[in-house]
Each structure stands twice: as structure tokens, then as C-alpha cells.
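Please keep the sequence and the 3D view side by side while reading this report. Each section takes up one part of the chain and describes what can be found there.

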Amino acid sequence: MRLFTAVFLAAPLAGLVAAPAAAQIPSNARPVINNAPKLFVATPHVGRSVDSANAVAIGGGLRERMERVVGRNFRVIPQDQMNQALAQYGYPADAILMPTVARRLALELQARTMVTTDLRPQAGGQYAAITRLIGTSDEAGQAVSLSQAGSQSATAFGGALADALKPAVDAMADARECYNQLEASPDKAAAAARKALAKLPKSGLAHLCLAELASKLGQPSDSILAHARAATEGDPLSLKAYTLQAVEHEKRGDSAQVVQAFRQMLLVAPTNEELRKRAFQLFLQYGQAETARSVAEEGLAIDPANPDLYDLKSNACIFLGDYGCAVDALEQVIVNDPTKADTLFYVKITATAAAKPDTARLLRWAEEGVQKYPDNASLLNQLVTAYTLAGQWDSVVSVAPRLMQRDTEASTTILTAAKGLVEQGRVAEALPLIDYAAQHGGDDGRQNGSAILTQGGLALLQKQPMDPEGAVTALRKAIEVAPAGSPVTTSANYLLGIAAFQRVVQLDPEAQRGKSCDIARQMETLLQESERAFTAGRESNVAQTDQYMGYVRQYQPRAASMVKAYCG
């Protein structure tokens, strides 16, 4: 979220004349040990990789100036120590981290307090920033906003941000003391908060503490709301302060204000999945399902390059069932910054494009994703789906084995592809897919695979010219994979009886012309198979089965005589 409160102007630095080093340090001086708690200053976050170098420079100026701003209240973690920690976790030096990730790094560095900054590009190449001082375990801090002057260097801008945090640094200890005393001594807690507010009237942490104190003491809702609102003025990024407001408004039955509180929370944490679910359901409950999308669009009007807000918009569109809108939002992220096209991006955009299939866009993103991440099972799954929807059967045959090698839970996708292949008469190429579904899809996979092949066998018998050989292949596999007791087996056997007999009729002239012993024996075997299949599938069509059984018995002596003549 990019919320901007009062603008703080950087005061010009007075020139200082340093005395010679020898004059500054007495000969008997001892080294001073600073035991103050650590402060972590994260590299400012930007939405576009093109802004990374400026973010690092602004962060450097902010970090350096904070050493003077905090005095003995904190020890600022040096840049080289931060980079060593980043390297341990596989990040490059001066990595730009999301605030949640930066907090984890601060905790690893044993920092109790941190400074995070969110940069937003402005016309002319300058930046607007919101910088936040907050404890790593606190639920509110202090945020200040500032815009870079046209002639101001990145380093100087970082320094100005640090200067703007000076009142927050001075008030922080008293605001924290309010929380330290909240349970044991409410009076002391209130006194500590008042001390903090005397130094910083809009202290987010102090007001949040007073709001929680008012709630704990059962004070009127107006008092709780007043402090909770004041907390968000000091720290517009405090989820807890907005939550307190929502709770009080809900008690009052003020649905409009509840919705407004959740709107603000979504702007604060647009990628918080749990919050998104709660907010979307609440908006639906109050008949304002479009609110989530409007929240994202309002934020994007201010910050059109913010990938988190595009992610929020895509989720809101999915919630509304507008999958085209969701794909549009995700595509815009990559338009703004192609480096955002990581695994998670491809998985999300392909799943969204497949939800209410947009074949062209699903095909585009699935192909691009698999090209970049060839072993990703989710992307391979979507690519098989895309090729199936597009009717690109050669590609299905090529890619499906790669998916089957990497994912044992893709039976639905594989069966859909197999069905398409069978309908195209490409039964032999579908058989490995059916075997996969039978092995990994349980009884449902076996049943569906058997049904697909049975329907495919029937289609091959009905086509002109008839393809009894292909039908025999399909129907044998249908019977093989069907689960025990499946009703499909009866139909498959009946059709297999017809297919096997028709294959005999087809082979007869060929056997005669070549006086072929092998074909004659094949005919004899097919007639035996036909008889067994008709017996097993008789219930499917009794009258026609009995008619065909008559044909089979009439043909058996002929096949036997051909075997005798050609194989003697």
C-alpha cells in the first residue's frame, strides 16, 4: 500500500569542522561499548527492477543517516553485516525484499526494530516514499511520507527520510512501555502512552496501545475508535488498528464502516491470503462483491506499477468469476516488469486462464512457462490441457509422457487428453495415458478410462470404413482396466465380440489370397475371443448377441479348415 501522510522536509545539514583525531581522543580513553538494541534498515522496496539501483542508493543514505538519528537508542546494523546475512540465505547483496521477508531477516539478525521503505516512481525520475519505523514484534509503528526534490540525490533523499523519523525514534521507548504495562498496570500504561504522545502526538504505537487499553477496561466504543483512528494516522500500515475499528463498527451494526476498514486493510496487505478471503466474504455478505476490485483499482490509480495491487485485483476478479479480468491483471505485472515472470506467476496465470478456458492465453503462458521451467509439473499439466483444448494432438502425445513422469496426480488431465486422442481414432497413442490413469487414478481412473475406450471402440465400429482392428485394441484395454464389477465391462465385452468377428471377416480374403497360416490362426483365435466376449456381454443386447453368436459358429469350421489347409 502507498498511503501518504504529512510531508516532512529535510533540514539542511550544518557544516561541521572536525578537530584533529589526536585532539578528539584522550590518551587514556577506553573503547565505548554500545549495548543498545539493534536496528535493521532494509533496502527500500520497489515494484520494478529498473528502480533497483536507486533503491539501493536511497537505502544507503537512509541507513547512514539513521546512525546519527538514533543516537544511543539503537545500533544500526551495518550494510556489510546485512549483506552477509543475505548471502547466507541465497540473496544477492542489497537485495530488495518484501516487508514480511525483511522482518524475518531482521529477526535473524536479532534486531528488535526495523525500518522499511516503499518507493513509488514519480514523473521526472524522482520518487515518493513511505518509510516506517516499527518493532519486529509490534503491531503498529510510525510511518512518514516524503517526495524527492527535483535536484535531490538518491543518497540525500534517503538521509531526509531518516531525519523525518527522528520524532518516532524519540517516542518509541515510551510507546513500548505502554504495552509492557498494559496487563499489569493500566495506569502506568496510560502514563507511558501520554509521555510518547507528548513527544509525537500521532504516535501510532501509543494510540494503538490506548485503544487496546480502552477495550480492556470496557470504555465506550467512541474512545476505542478515536485512538484506533489516530493509530492509523500515525501508522497507515497497522492492520491491528484497522481490525479494532472493524470490530467496533461491527458491534454498532455500521456495515459501511466495517467495509471501509477492510478496504484499508486490503491496501495495507494486498497479498495477505487469509485477509483477502475474510474481506471477500465480508464484501459478499454485505452485498458489495465489487468492492475488492475497486480497492485494487483505486490503489493502482495512485501506484500503477504496484505488482501486489495487480495480484489483489486478479484475486478479486477470480472471486467475481471474471477470469478474463484476472488474467489481464496478471499480464500487466509482466508488462511493467518482465523479471516478475517466475514460477509462481506462470502457475497462477495458467490456472486462471484454464478456470474458464481461454485457450489462446492458456496456450501462450503454458508454453512460455514450460520453456522456462521444463520440469514444473503444474505447468506441464496446464500445457497438456492447452494442447488438448486446441486440438494439437501431436503436441499432446509429445508432452503428456513428460507430465506422467513427474506427477502421479494428473489423472483428470491425462484422461481428458486420452479421450481426445481416442475420439480422433488415435487409440494406440491413448493407451499409455489410460494405463497411467488406471495406475494412479484409483477406481475412478479405471472406470473413466474403461468408459473412454468403450466409447472409442464403438465409434471405430460405426465409422466408414469400419476399423475393427482399432476397436479390438480399444475394447481389450477397456475390459482390462475396468474395476471389478463395473457395468462398463458388459458393454465392452459385447462390442468386443462384434469387433473381433468383424476383424475375422476383414482378414478372410487376405488369408485366402496369401494362403497364410498365420492369418488363418489369427482368425481362429479371434473367433474364440469373440465367442467369449459375447458370452460375457450378452446382457447388453441379448437378441443381437445371439444373432452374432450364430455367425461366429458358422465361421468357426471355415477358419478351422483354412488352418488345416494352410498350416498342414
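In helix α11, residues V259, R263, L266 and L267 meet T291, S294, V295, E298 and G299 of helix α13, where contact means heavy atoms within 4.5 Å. By class, this contact of α11 with α13 has four nonpolar, three polar and two charged residues; Ala, Val, Leu, Ile, Met, Phe, Trp, Tyr, Cys and Pro count as nonpolar, Asp, Glu, Lys and Arg as charged, and the others, Gly among them, as polar. Helices (H or I, at least four residues) and strands (E, at least two) are DSSP runs, numbered from the N terminus.

Helix α11 covers residues 255–268 and helix α13 covers residues 291–302, and the two pack at an angle of about 50 degrees with their axes 10 Å apart. That angle makes α11 oblique to α13, given that angles under 35 degrees count as roughly parallel, over 145 as roughly antiparallel, 65 to 115 as roughly perpendicular and the rest as oblique. The axes are lines fitted to C-alpha atoms, for helices over the stretch in contact, and the angles run from 0 to 180 degrees between N-to-C directions. The crossing of α11 and α13 is right-handed; a crossing is left-handed if the near helix is turned anticlockwise from the far one by less than a right angle, and right-handed if clockwise.

## How to read the model

This is a predicted model, in which local features need pLDDT of at least 70 and side-chain atom pairs count only at pLDDT 80 or more, while totals for chains, interfaces and linings use all residues. Residues are numbered from 1 along each chain as its sequence is written, and side-chain values use heavy atoms, with hydrogens and water left out.

The crossing in which α6 passes α8 is left-handed. Here A175, R176, C178 and Y179 in α6 meet L205, A206, L208, C209 and E212 in α8, a contact that by class has seven nonpolar, no polar and two charged residues.

Two of the residues named in this contact, C178 and C209, form a disulfide with their sulfur atoms 1.9 Å apart, a disulfide being a pair of cysteine sulfur atoms within 2.5 Å. C178 lies in α6 (residues 166–181) and C209 in α8 (residues 204–216), so the pair ties together parts that are 31 residues apart in sequence. The link is left-handed, with -85 degrees about the S-S bond. Both C178 and C209 are buried, where buried means under 20% relative accessible area, exposed over 50%, and partly exposed in between (1.4 Å probe, protein chains only).

Helix α8 also holds G204, which is buried with a relative accessible area of 0%. Leaving aside neighbours within four places in sequence, G204 is in contact with A140, G141, Q142, A231, G234 and D235.

## The other disulfides

The structure holds three disulfides, and with bonded cysteines counted along the chain they follow the pattern 1-2, 3-4, 5-6. One of them joins C317 to C325, with 1.9 Å from S to S, and both of these cysteines are buried.

Another disulfide joins C517 to C567, again with 1.9 Å from S to S. This pair links distant parts of the chain, with C517 in helix α25 (residues 517–537) and C567 in helix α26 (residues 542–567), 50 residues apart. The torsion about the S-S bond of C517 and C567 is about 110 degrees, so the disulfide is right-handed. Helix α26 also contains T545, a buried residue with a relative accessible area of 1%.

## Backbone details in the loops

Most residues other than glycine have a negative phi, and most peptide bonds are trans. A cis peptide bond, however, joins Q464 and P465, with omega of about -5 degrees, and P465 lies in the loop between α22 (442–462) and α23 (468–481).

D94 has a positive phi, near 55 degrees, and lies in the loop between α3 (79–88) and α4 (99–108). K515 also has a positive phi, near 45 degrees, and its place is in the loop between α24 (488–514) and α25. D94 counts as buried at 16% relative accessibility, whereas K515 counts as exposed at 57%.
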